[in-house]
Each structure stands twice: as C-alpha cells, then as structure tokens.
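The paragraphs below go through the model one part at a time.

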Amino acid sequence: MNILLLFVIIPLVMLLALWGCRNLTQVRATMVTGSTALLALSAYLTVEFISLRNGGNSEAMLYCDSWSWYEPLNICLSIGVDGISVAMLLLSSIIVFTGTFASWRLKPMTKEFFLWYTLLSLGVYGFFISTDLFTMFMFYETALIPMYLLIGVWGSGRKEYSAMKLTLMLMGGSAFLLMGILGIYFGSGATTMNIHEIAALNCIPTATQYIFFPMTFIGFGVLGALFPFHTWSPDGHACAPTSVSMLHAGVLMKLGGYGCFRIAMYLLPQAAEDLAWIFIILTTVSVVYGALSAISQTDLKYINAYSSVSHCGLVLFAILMMTKSACTGAILQMLSHGLMTALFFALIGMIYGRTHTRDIRQMRGLMKIMPFLAVGYVIAGLANLGLPGFSGFVAEMTIFVGAFEVNDIFHRTVTIIACTSIVITAVYILRVVGRILYGEPENEEHMKLTDATWDERFTVICLVICVIAIGVAPMWISNLINSGVGDVLVNINR
Amino acid sequence: MEQSIYILALPLLSFITLALIGKKLPHKVAGIIGTLSLLATTVLAYVTTASYFLAGRNADGIFAEAMPYNLTWLPINETLSIDLGILISPISAMMLVVITTISLMVHIYSLGYMKGERGFQRYYAFLSLFTFSMLGLVVATNIFQMYIFWELVGVSSYLLIGFYYTKPAAIAASKKAFIVTRFADLFFLIGILIYGYYMETFSFTPGETALAAAGTVLPTALMLMFIGGAGKSAMFPLHIWLPDAMEGPTPVSALIHAATMVVAGVFLTARMFPLFIEFAPGVLHTIAYIGAFTALYAAIVACVQTDIKRVLAFSTISQIAFMMVALGVCTGSDPHEGGLGYMASMFHLFTHAIFKGLLFLGAGAIIHAVHSNEKSHMGGLRKYMPVTHITFLIACLAIAGIPPFSGFFSKDEILAACYAFSKPMGLFMSGIAAMTAFYMFRLYYLIFWGKSHYEEQLALYRSGNIAHEPHKPHEAPMTMTVPLVILAAATCVAGFIPFGEFISSNGHAYAIHLDTKVATTSILLAVTAIVIATIMYIKPGRRITRVVKVVLREPIRAAYHRFYMDEAWLFVTKKIIFNCISRPIAWFDRHVIDASLDLTAKGTQWLGALIRPLQSGNVQTYCVYLLSGALMILLLLLYLN
Amino acid sequence: MTIPAQYMLILSAVLFFVGVFGFFTRRNLVSLLICTELMLNAVDINFAVFNAYCHPEHLEGYIFSLFGIGIAAAETAVAIAIIINVYRNFHSIHIKRLTNLKH
C-alpha cells in the first residue's frame with residue numbers, strides 16, 4: 001500500500017474513533033495517538049524521501065499512485081509527493097500535534113471540536129498529497145468548511161460574524177479557483193486532471209492563460225492573505241479558538257501559497273510570466289501594509305494577524321520572483337511562518353486564557369507573573385523579526401537574496417521595499433514585548449495568575465525547538481525543498 | 001589554529017547551559033560557570049593570536065589570513081552560499097584579544113557589581129551570548145556571517161540594555177537601541193545583497209573579473225554597508241540609541257557600549273578596507289567627514305552632560321568617530337603613503353577599548369558607591385575610593401592623550417594621518433582632541449574633587465535637616481577593583497606595543513614613529529584643556545564657571561538636550577510614521593477595505609431582501625405568477641408565429 | 001336543433017375563469033374550495049362536450065367526467081375535513097392566518 005494513503009486513512013480512523021468516544025479521556029487518547037502517529041509518519045516520510053533523493057532518485061514526484069474515480073471526466077485520486085509537499089506535510093503534522101495539546105483543556109463539546117479539527121486536518125493532508133486538480137480542490141474544500149463551525153461555535157467575541165466572513169471570503173476564493181481549475185482542464189484539452197500531465201502537455205493557449213491565471217492566483221491568494229483580500233484574517237484569527245488559529249495561520253494559509261505555486265504558476269507559466277508584475281505590486285503592498293497596520297493595533301491577535309498578512313505576502317512575493325532561490329525561500333518562509341505564527345497564537349491563547357483580555361493596554365509586567373509564557377513570547381517575537389538562529393532569518397534571507405537575482409529596476413525596487421518590512425516588524429514586535437511583558441504589573445488581578453501548565457509548556461517547547469532547528473541547521477530542509485522547487489520552475493521558465 | 005573553534009563554542013555552551021538550567025543554579029555557581037568558561041576562552045584567544053603572529057609572515061611579507069574552519073551553512077543558489085567559519089586575520093586576532101580581555105574583566109567585575117541582583121544567572125547567560133556573537137562577528141569568513149552575528153550582538157545588546165525590565169527607561173532604551181540599529185542594518189542588508197549579486201560571492205575577497213565588472217555598483221554597496229556600520233557605531237545621526245543604552249547595567253555599558261560592539265562598524269569598515277581604498281575612495285572620505293562631524297557633535301554634548309554615564313557615552317561616540325575619521329582619511333594602501341590611518345584607527349580601537357572599559361568600570365564602581373548616576377551626588381570621592389580614583393585618573397589621562405598612556409600614542413597616529421590628509425582636517429581633529437581632554441577632566445573633577453555630597457548630607461543629617469543618615473561611599477570590593485587595576489596597568493603599557501608590526505593597511509610591518517610636531521601640539525593642547533578644566537572645576541562655584549554658564553546659556557542648554565536630535569527622531573517616528581502612516585493605514589484597512597467587503601455583503605443582503613417577497617409562500621400569488629407566465633409565453637409564441 | 005358547441009365551451013370557459021378569479025382573490029378556505037370545484041366542473045363540461053360533438057360513438061369523455069365528479073366529491077370531503085380541523089386549531093379559515101409552515 002502507498003504510504004501516502006495513510007495520511008488520509010489515519011484521520012479517517014480517528015474520526016470514527018472519536019465518534020465512538022464516550023468521555024474526555026478517550027477523546028484525548030484518540031487525538032494524541034492519532035496526531036502522534038501522523039507526526040511519526042511524516043517524520044518517517046521525510047527521512048525516507050531524503051534518503052531516496054540522496055540515493056539518486058530524481059523523479060519529479062515520489063510515491064506516485066493513481067486510482068480512477070470518475071472516468072468520463074478523468075477524475076482520479078492521484079497522489080505523490082515532492083520535496084515541497086513533504087515539507088508541508090511535516091509542518092502540518094507538527095501543527096496538528098501541538099494544536100492538540102494547545103486545546104487540551106478546551107470546553108465544552110470537546111469531542112465535537114476534535115471531530116471537526118480532525119476533519120480539517122484530513123483536508124489539509126489530502127491537499128498536500130494529491131496531484132489531481134479535482135481531488136486537490138475537494139480536499140481544499142474539506143479543509144475550509146470545518147473552519148466555519150470551529151470558529152462559529154468555539155470562538156470568542158464576534159464569532160458568528162467572523163466565521164461567516166471568513167467562510168464567505170474563502171468560498172468566494174474557491175469560486176474563482178473552481179473556474180480556474182475548469183479553465184485549466186478544458187484549456188489543456190480536457191484529457192487529464194493530473195497536474196503533471198497537464199504541465200507536460202503544456203498546451204494551454206496563452207489567451208486562455210491570461211483569463212485563468214488571475215482567477216487561480218486570486219483564488220488561492222485569498223487564502224494566502226493577498227492584499228486586498230486579506231481582511232478575513234484579522235477578524236477570523238481574533239475570534240478563533242487557540243488551536244484553530246494555530247492550524248489556520250500555521251497551515252491553512254500555506255495552502256494558498258502552495259496552490260499558487262503548484263497550480264497557478266506551474267500550469268499557467270506563460271501568463272504567470274507576463275502578469276506577475278500586477279501581483280508583485282499587490283504582494284509588496286501586502287508585505288509593507290500588513291506590517292505597518294500591525295504597528296498601531298492594540299489587540300494581540302490583530303497584531304499577529306496583520307503580521308501574518310505581511311509574512312504570507314512575502315511568500316507570494318517570493319514565488320512571483322520565479323527564481324529558484326526565491327521560491328525555495330518562499331517555501332521556507334511558509335514553514336517558518338507556520339511554526340512561528342502557531343507558536344505566537346498558542347502563546348496569545350494561553351495569555352488570553354489567563355488575563356481574559358488581549359488588549360495590550362491592559363497588560364503589563366507579565367514577565368514577572370508568568371515567566372515561562374513571557375520568555376516564550378520573547379522567543380517567538382525574536383523569531384518573527386528574523387533573528388539569526390531562528391527559522392525566520394533563513395527564510396527571509398533566502399527570499400531577499402533570491403529576489404535580488406532578478407536584475408531589473410522594478411524587481412529591485414520592490415525587493416528593497418519588501419526589505420523594509422524587517423525594520424517595521426521589529427517595531428511592532430518590540431512594542432508589544434515592551435508593553436505587555438516588561439514593566440511592573442499594574443493590574444492587581446493579574447498578580448494571582450499562574451504560569452503555564454504542562455500541556456502548554458509542551459506545546460511551546462515543541463514549537464520553539466522546531467523553529468530553532470530550522471534556524472540553526474537549515475541546509476537539510478533547504479535541500480529538500482530545493483529539489484521540488486527546481487522541477488516546478490523548469491516548467492515556468494521553459 | 002584548530003583550537004579556535006572552542007573560542008566560539010565555549011561561550012555558546014555557557015550561554016546554553018545558563019539559559020536552560022541557570023534558574024535552578026545558585027547565583028555564585030552561575031557566575032563562576034560564566035567566568036570560567038570565559039577565562040578558558042580568553043586563554044584560547046591569546047594562544048590563537050600568539051600562534052597566528054608567531055607563525056610569521058609569508059613570502060610577501062604579510063600575515064596570511066588563516067581559515068581553519070569554513071562550512072557551507074545554507075546554499076542559496078549556484079554561486080552564492082552562506083558560509084560559517086573562522087577566519088583569522090591580523091585585525092580579527094587583535095579583536096579576539098580585545099573582546100576576550102574586556103569581557104573577562106567584565107565577567108569578574110560583575111560578580112561584585114551584580115551581586116544579589118534578581119536575574120543574576122540571566123545576566124551571565126546574556127553576557128555569554130554577547131561574547132559568543134561578538135567573537136563570531138570578528139572571525140567571520142564572509143560578509144553574511146558578519147551580518148548574522150551582527151544581528152546577534154544587536155539582540156544581546158537589546159536583552160542586556162533591557163536587563164532591568166521593570167524600569168520603563170530601560171525598556172524604552174532597549175527598544176530604541178534595537179530599532180535604530182535594525183534600521184541601519186536594513187541598509188547593511190541591501191548593501192550585502194548588491195555586493196553578493198555583483199561580486200558573486202559573500203566573501204571579503206571577490207574574484208578579479210567580478211571586481212572589474214562591478215564599476216559604480218561597489219561604492220554604492222560599500223556606502224550602504226557603512227550605513228549599517230554607522231548604526232552600530234553610533235555615527236551621527238544614528239547615534240541616538242547609544243546614550244540611552246546606558247540604562248543597562250554599567251558593566252554591560254563597559255563591554256558592549258564602549259569597548260566592543262560599538263566598534264563593530266569600525267571593524268566592518270576596516271574589514272572592507274581593501275575594497276574601499278581601491279574602488280571607493282570617495283566613500284571613504286565621506287566617512288571621514290561624517291566621522292569628523294560626529295566627533296565634534298559628541299564632544300560638545302559631552303561637555304555639558306550631568307549624568308556621568310552619558311558623558312562617557314558621548315565620549316565613546318566621539319572616540320569611535322576618531323577611528324572612523326582615521327579610516328576615512330586614508331588615500332592609499334601603503335602606510336607610508338596615505339595608509340597610516342588604517343593602522344591608527346585599529347590602534348585607537350585597541351587602546352580605546354581598554355581605557356574606555358576602565359572608565360566605565362570605574363564609573364560603575366562610583367555608581368555602586370553613591371547609588372546615582374548624577375554628578376550632583378558625587379564630588380570629593382577621592383578620599384573614599386582611592387583605587388577607583390587612581391585608575392580613573394589614569395584612564396582620563398589616556399583618553400586626553402597624555403604620554404606615556406596608551407591613548408596618546410594611538411591618537412597621535414590618528415592626528416598624524418589627519419594632517420597628512422589635509423591640514424584643516426588635522427587642525428579640526430586636534431581641536432576635538434583638546435575638547436576630549438577638557439570634558440574628561442571636567443568629569444574627573446566633578447566626581448573626585450570639590451565638595452563631597454556625602455559630607456554635605458552628613459552635616460545636614462547631624463543638624464537634623466534630613467531624616468536619614470546618608471550612605472557612606474566605600475571602595476568597591478576586590479572583584480571590582482582587580483579588573484580596574486589590571487585594565488589600568490594595561491592602559492599604561494598598551495601604547496608601547498609595536499602595533500604597526502602586526503597591523504597595517506597593506507599587511508607589511510610598519511614601524512610607528514612619533515611625529516614630533518603633531519605630538520607636541522597635541523600634548524600642549526591637551527595640557528591646556530586640562531588646565532582650563534582644572535581652573536573651572538577643581539572647586540565648585542568658581543566665578544569663571546558661573547560666567548561661562550551665563551554667557552553661553554543658550555548653547556549649553558541646546559547641547560544639554562543633545563541639540564534636540566532625539567526630539568527630531570521622535571518626531572519622525574512617532575508623529576510621522578506612527579500617527580501619519582500606520583494609524584491611517586490601520587484605519588484604511590478597517591474602514592475602507594474591510595468596509596467595502598462588508599458593503600458587498602450588505603448589498604447582497606439588500607438584494608435578497610428585495611426579491612424575497614416574491615417567495616411569499618402564498619399559493620394564490622404563485623398561481624398568479626404561473627398564469628401570467630403561461631399567458632406571456634402564449635402571447636410570445638403567437639407573436640413569433 | 002342542436003346547441004352549437006361554442007356556446008357550451010364559452011359556458012365552461014366562463015365557469016373556469018370565474019373559478020380562477022375566485023381562487024386568486026378569495027381568502028376564505030371554503031370559497032377557495034368552491035372555486036376549485038367550479039374549475040373542475042368547467043373541465044367536466046368540456047369533456048362531455050367534446051365527447052358528444054367529436055366522437056359520439058365513444059364514451060370515454062363521459063366516463064372521465066364521471067371520474068372527475070367522483071374525485072371532486074372525494075377531494076371536497078377531504079378538504080372540508082382539513083378545513084374543519086384547521087378551524088378547530090386556529091379558530092379561523094382565513095388563509096392569511098395559516099402561515100405556520102412558512103415560519
């Protein structure tokens with residue numbers, strides 16, 4: 001049996017098991033077993049993949065398999081992974097694993113929560129392993145729908161509004177996406193839905209590409225928080241429960257970048273080449289605009305959501321530069337941002353769970369009250385502003401050096417503009433750190449609060465270790481990604 | 001050379017140990033772990049430096065650069081990759097000695113100074129982190145490694161300035177320091193990007209073909225890199241963070257903000273010197289002018305500050321500017337013909353690190369004794385703190401440029417280089433050197449001479465005017481005085497090191513010889529300045545001092561407020577960037593972009609509300625629609641036929 | 001002398017549209033039922049008329065009319081039963097009041 005199928009089967013089994021769970025202990029046991037199994041699986045897959053690659057296997061996709069679903073429309077369940085998807089699977093399983101611990105004490109309806117949570121992760125895993133347009137789209141939708149319930153039911157604040165807004169905007173994106181996919185399918189002669197076969201055919205007329213590239217790119221771009229379609233992100237994140245924020249910002253937003261790269265750019269190379277400038281401008285705006293907006297926010301989650309807009313903007317920005325190093329940097333940035341932002345949201349959730357406020361004006365001196373969480377927050381902050389030794393630095397530097405390879409005034413200018421985000425990031429991160437962590441505690445109520453519990457510590461430590469691991473030894477992951485990026489770019493630069 | 005890896009590994013290890021388990025250790029153990037690991041590092045650094053210089057010159061008569069380690073950390077594309085490694089060149093060997101020595105002194109000193117402080121282990125962890133980063137910076141094999149460690153020293157500086165994290169001033173200062181230097185680093189990064197792209201390497205020695213093709217790009221890249229260096233080295237107008245950084249513990253100021261990190265910009269310029277001199281002499285001269293202006297500005301401001309650490313901070317800025325000027329006035333790579341400045345700059349870096357470290361540690365001892373930074377709380381301390389007094393005096397003489405103390409020799413070389421560049425520059429810098437002597441002795445007299453604040457307070461207490469008995473100043477403990485004495489001894493002898501034998505602009509041995517004309521002038525100027533300072537400040541309330549204060553009232557006030565540079569920056573950041581850009585953008589996002597989406601949603605709802613009555617659920621209405629529809633189709637068919 | 005078929009068809013058409021008009025405009029369930037009956041009767045007349053005039057040799061039209069009458073009777077019975085039940089529950093047989101299923 002193909003090992004990749006396990007990524008779908010394990011969550012399915014988990015769903016069934018959760019269905020039958022009778023109490024909290026069973027739910028927790030199921031979730032821990034399942035997510036650990038998935039984490040182990042993806043780690044195993046990564047190791048296997050690297051050793052296969054080192055063994056000289058240079059096919060574009062490994063572990064390929066295909067089963068026909070619906071013959072007349074050439075819909076298959078095709079699966080396969082390259083370096084990029086392996087990295088993404090690893091990221092997803094880490095986030096799902098830590099997210100489980102982050103929502104360890106979530107109430108009420110814990111069982112139902114985890115049911116939807118697992119369904120969401122099923123969609124994410126499915127998306128990353130499939131190589132068939134239709135299957136990919138199906139899994140994509142599977143990942144989106146549970147989000148509505150997770151935010152709408154278990155969220156806080158204006159949860160119904162935010163859940164509705166998020167779902168509607170993402171669904172709007174999917175509408176574009178569906179059109180794009182159909183355009184690609186029929187444009188390439190309606191013979192196959194398999195991404196690689198379409199890429200190999202390379203027969204979509206340029207005029208068709210011009211229509212469907214923007215659709216596909218925007219369709220995925222909405223999920224990747226592309227300006228001006230990013231406003232679901234602040235509201236959605238602000239209202240979502242902790243682990244959903246983690247999963248959403250950490251993984252789901254990466255679906256956008258991955259899709260842009262894997263489908264929009266890969267299958268519609270001509271249009272990508274010609275229309276890139278429009279999107280480069282939009283993403284540059286995202287990068288700077290998100291960072292600048294973050295400076296004057298007062299809600300911790302809004303700050304982080306705008307920071308995500310900025311960082312995810314950088315992902316799309318790098319993809320559009322279409323050089324190998326920039327694209328490698330983009331994927332690295334996805335990984336790194338996924339881990340960092342998950343860490344951030346986890347910490348914010350933990351702090352919010354104690355202080356019951358996320359307003360930075362109402363918190364002070366948390367370092368004295370909850371040193372563990374505060375130190376975690378400082379580490380997350382430093383990682384976020386791209387300090388060497390953390391993953392953010394590796395990703396950003398690869399992106400900037402890669403982007404600088406494109407030798408013309410326009411690209412150079414936008415690269416330099418995007419570079420300024422590293423300063424602005426420092427401003428908003430240090431503002432928050434100085435504001436809420438340092439100083440003397442002002443609020444009497446806060447003095448009684450306790451530091452992190454074991455499950456929270458576990459979550460934070462896992463994520464910090466991952467962020468540092470990539471930051472200190474980036475070579476293996478960079479090589480892993482590089483091989484995948486190369487194959488995709490060959491098609492674009494053809 | 002193989003042992004050089006441990007120079008980096010030991011401080012890192014000590015940082016990791018202290019960061020992970022420090023909290024569980026008693027203070028003393030944590031301090032000893034940090035200090036011992038640094039002692040070992042220092043020994044290793046000395047051994048490495050000695051073996052490097054003892055290995056002798058190669059056939060060209062220069063010390064070849066040794067690169068015992070260099071590994072690819074992150075390949076970026078076919079040509080570029082980020083490497084990490086160790087490269088020992090004459091200046092990095094010199095820096096190794098400087099950093100480890102000062103750091104060791106600070107480690108020992110802090111055992112006494114920080115005794116009983118909350119977060120003692122954290123303090124030692126950060127010190128180790130800083131030492132690691134700074135050592136990594138100077139042994140960098142390429143510009144990108146330098147940038148990596150550059151950022152790391154920045155963050156360690158941030159953490160250490162904000163060590164007293166409950167003090168609002170410290171929080172603000174640490175934030176300011178990080179953001180200002182980060183802003184400068186942006187230019188550094190862009191410079192590196194340009195450099196990397198056109199030179200096709202990040203190493204300090206690009207290929208000939210790339211160099212030949214680079215043309216005007218290289219000066220741009222070097223200028224941008226210098227801006228990065230200017231941020232770290234507090235050149236005007238990026239100097240604003242350094243005076244505020246004095247909010248950190250005083251030993252930290254001695255280590256980071258006086259001796260080592262702040263000279264990183266000078267080190268960077270010196271590291272890139274071969275490229276500067278060959279391809280961008282214009283940029284180099286710009287650096288000289290910026291440096292000269294900064295030196296003047298800082299010297300003026302230093303003359304009127306009342307916080308002793310601020311005086312030292314501005315004096316640091318001024319002295320670093322001297323080093324920058326020395327590099328900037330170079331016109332050739334031969335030390336005999338226009339390349340003297342390079343050697344002078346490095347020499348001054350070396351001596352300055354020692355005596356400025358001494359000054360700061362001395363200031364720390366004083367602050368420790370009187371529990372204040374303000375000069376008004378001092379005065380007459382020479383009776384109470386003899387060791388601190390003598391060592392502080394030695395350092396003051398050194399910085400003022402009085403022989404035989406080390407500062408004289410290095411400053412003399414800088415002045416000689418300036419005179420060689422142009423007479424006005426030489427005169428200008430001589431004047432600033434005299435100002436240095438003036439403000440340092442002003443400080444010296446205010447601290448150690450004049451009326452004792454303690455005695456005044458004691459008299460008041462005895463006469464019953466104040467309730468609390470004042471705290472009697474006392475000499476610092478051994479852990480603090482021993483480093484002072486060691487550094488004072490070093491200050492006395494460092495000037496006699498034949499520095500040019502080891503470091504010169506083209507690598508060949510250069511015998512330092514004193515230019516008698518320059519030396520005499522500068523000694524005369526310094527002595528005059530000291531005499532003026534003596535007249536004005538040896539006793540408080542001298543008439544001449546009062547007269548000067550009245551006559552120069554406005555300039556003094558402006559200088560006291562640092563010529564309102566901080567306010568200008570605050571205006572730009574707070575008023576313009578925060579209020580005029582960020583706020584409107586955040587507003588725009590909520591009220592325009594988001595609102596337009598909400599409007600779309602509202603529009604859809606409105607449309608829905610509009611056509612909803614059609615689906616009334618009333619069968620009769622449906623029948624009407626049905627019938628009228630049928631009739632319409634019928635009529636249409638009739639019409640078509 | 002035979003009555004021309006048109007007369008009868010006009011009668012049935014008038015009857016039908018009277019029913020339709022009533023069905024659209026009345027708000028009382030019983031009136032609606034009566035109107036439905038009118039429309040059904042108009043249809044029955046048509047069946048009978050066409051059978052008599054077009055195919056006198058066959059009987060299907062008449063049989064259909066009889067069926068129609070029978071079904072109309074059954075339907076009326078059921079409808080009256082419903083209406084009575086509605087009246088019992090709502091104390092009204094005005095259709096504007098019967099919106100429970102809509103909300």
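Tyr564(B) is exposed, since 11 other C-beta atoms lie within 10 Å and the limit for an exposed residue is 12 or fewer. This is a predicted model, and in it Tyr564(B) has a positive phi of about 60° although it is not a glycine. The residue sits in the loop between α24 (553-560) and α25 (565-611) of chain B. Asn74(A) belongs to the loop between β1 (62-70) and β2 (75-81) of chain A. Most residues other than glycine have a negative phi, and most peptide bonds are trans.

Which residues of chain B are joined by a cis peptide bond? One such bond links Phe236(B) to Pro237(B), with omega about 0°. Pro237(B) is in the loop between α8 (217-232) and α9 (241-244) of chain B. Another cis bond links Pro403(B) to Pro404(B), and here omega is about 5°. Pro404(B) falls in the loop between α16 (386-400) and α17 (406-421) of chain B.

Chain B as a whole contains 26 helices and two strands. Along the principal axes, its C-alpha atoms fill a box of roughly 120 × 80 × 55 Å. Of its 641 residues, 55% count as buried. Among the contacts in chain B between residues at least 6 apart in sequence, 79% join residues at least 24 apart.

Two packed helices are described by the angle between their axes and the distance between the axes. In chain B, α16(B) packs against helix α20 (residues 478-494) at an angle of about 30°, and the axes are 9 Å apart. That angle makes α16(B) roughly parallel to α20(B), because angles under 35 degrees are counted that way. The crossing of α16(B) and α20(B) is left-handed. On the α16(B) side the contact is made by Val387(B), Thr388(B), Thr391(B), Ile394(B), Ala395(B) and Ala398(B), which meet Thr481(B), Leu484(B), Val485(B), Ala488(B), Thr491(B) and Cys492(B) in α20(B). The residues of this contact divide into eight nonpolar, four polar and no charged.

In chain A, how do the axes of helix α13 (residues 324-355) and helix α16 (residues 391-403) cross? They come within 8 Å and cross at roughly 155°. The pair is therefore roughly antiparallel, as angles over 145 degrees are. α13(A) passes α16(A) in a left-handed crossing. Residues of α13(A) in this contact include Ala326(A), Gly329(A), Ala330(A), Gln333(A) and Leu339(A), and those of α16(A) include Gly392(A), Val394(A), Glu396(A), Ile399(A) and Gly402(A). By class, the residues of the contact of α13(A) with α16(A) are eleven nonpolar, nine polar and one charged.

The largest nonpolar core has 437 residues, and those touching the most other members are Ala87(A), Ala318(A), Leu343(A), Leu347(A), Val325(B) and Leu327(B). A second, separate core of six residues includes Leu29(C), Leu32(C), Leu38(C) and Ala42(C). Leaving aside residues up to four places away in sequence, Ala87(A) touches Ile331(A), Leu335(A), Ile477(A), Leu480(A) and Ile481(A). In soluble globular proteins, nonpolar side chains tend to be buried together.

Between chains, which of the two touching pairs has the most contacts? The answer is the pair of chains A and B. Their contact takes 38 residues from chain A and 36 residues from chain B. On the side of chain A that touches chain B, α11 (269-295), α13, α16, α17 (409-419), α18 (421-437) and α20 (475-492) each supply at least two residues. The largest share comes from α18(A), with six residues. The residues of that side of chain A divide into 22 nonpolar, 13 polar and three charged.

Chain C touches chain B through four residues, which are in contact with four residues of chain B. Those on the chain C side are two nonpolar, one polar and one charged. No contact joins chain A and chain C, and their closest C-alpha atoms lie 22 Å apart.

Conventions. Residues are numbered from 1 along each chain as its sequence is written. Chains are lettered from A and ligands numbered from 1 in the order in which they are written. This is a predicted model: local features need pLDDT of at least 70, side-chain atom pairs count only at pLDDT 80 or more; totals for chains, interfaces and linings use all residues. A nonpolar core is a set of buried Ala, Val, Leu, Ile, Met, Phe, Trp, Tyr and Cys residues joined through C-beta atoms within 7 Å. A residue is buried if 20 or more other C-beta atoms lie within 10 Å of its own, exposed if 12 or fewer, and partly exposed in between; C-beta atoms are placed from the backbone. Two residues are in contact if their C-beta atoms, placed from the backbone, lie within 7 Å. Ala, Val, Leu, Ile, Met, Phe, Trp, Tyr, Cys and Pro count as nonpolar, Asp, Glu, Lys and Arg as charged, and the others, Gly among them, as polar. Axes are lines fitted to C-alpha atoms, for helices over the stretch in contact, and angles run from 0 to 180 degrees between N-to-C directions. Helices (H or I, at least four residues) and strands (E, at least two) are DSSP runs, numbered from the N terminus. Angles under 35 degrees count as roughly parallel, over 145 as roughly antiparallel, 65 to 115 as roughly perpendicular and the rest as oblique. A crossing is left-handed if the near helix is turned anticlockwise from the far one by less than a right angle, and right-handed if clockwise.
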